[in-house]
Amino acid sequence: MKTRFLIGAIALLIFNCGSSKNEAELAAEARAFSDLKTLVATKAIRFDAQTAYPFQTNDVITITNALMRQTENANGRFSLSANNDFLEIRKDSAEAKLSYFGELRTASYADDNDTSIKFDNLIEEYSVSENDKKKTITISFKVRNATEQFNVKMLLYPSKKANVAIYGSNRTTIQYNGDIEKI
């Protein structure tokens, strides 16, 4: 009985000690989050997309599985490492060229071979929300091109990683993961 108590006390001590962060780690996290806040305040951000995650219907998933067989891509994840897919925020405007995988809702596109998300226009309804507890920053805005309006939501992390969700008025939603940097 005494041995069990001793082993339990030692295990409890080991697990409790291992989960706390030291002051240096906490200071590094705080510094990284502060740097992220500074980057967002500049409104000069470049997002380089590495992967795309389209929100697809069952029909599109079936077709995509057939087309993507024996590639590094799967129906829910597409590698963009060979592309130069990006989104930039420059003060009051945004520019993007992002590959698109999903369903188009209208047939009004002039070039049916290129369904990429492209825009270079002024930003509307720009907002920034900081979450000090999770140490993340969310940027939301609207932007238009000649045929469509996009709602963009960017979730930024102190590690300079980001998730970007784009909701198009003429297509299904898609999410991108990648890296951010100052322009």
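A charge is taken to sit over a ring if NZ of Lys or CZ of Arg is within 6 Å of the ring centre and within 35 degrees of the ring normal. In this predicted model, local features need pLDDT of at least 70 and side-chain atom pairs count only at pLDDT 80 or more, whereas totals for chains, interfaces and linings use all residues. Residues are numbered from 1 along each chain as its sequence is written, and side-chain values use heavy atoms, with hydrogens and water left out.

R171 lies over the face of Y100, at 4.6 Å from the ring centre. The charged end of K43 is placed over the ring of Y126, 4.1 Å from its centre.

Three aromatic pairs are found in the whole structure (ring centres of Phe, Tyr or the six-membered ring of Trp within 6.5 Å; planes under 30 degrees apart are stacked, over 60 edge-to-face, the rest tilted). One of them, F78 with F101, is stacked, at 4.0 Å centre to centre and 0° between the planes. F78 belongs to strand 2 (residues 78-79) and F101 to the loop between strand 4 (93-98) and strand 5 (117-122), 23 residues apart; strands are DSSP runs of E of at least two residues, numbered from the N terminus. F78 is buried at 2% relative accessibility, and F101 is partly exposed at 22% (buried, under 20% relative accessible area; exposed, over 50%; partly exposed, in between; 1.4 Å probe, protein chains only).

Y126 and F141 also form a stacked pair, with 6.4 Å between centres and 25° between planes. Y126 lies in strand 6 (residues 124-131) and F141 in strand 7 (residues 136-144), so the pair ties together parts 15 residues apart in sequence. Relative accessibility is 24% for Y126, which counts as partly exposed, and 2% for F141, which counts as buried.

Conventions: Helices (H or I, at least four residues) and strands (E, at least two) are DSSP runs, numbered from the N terminus.
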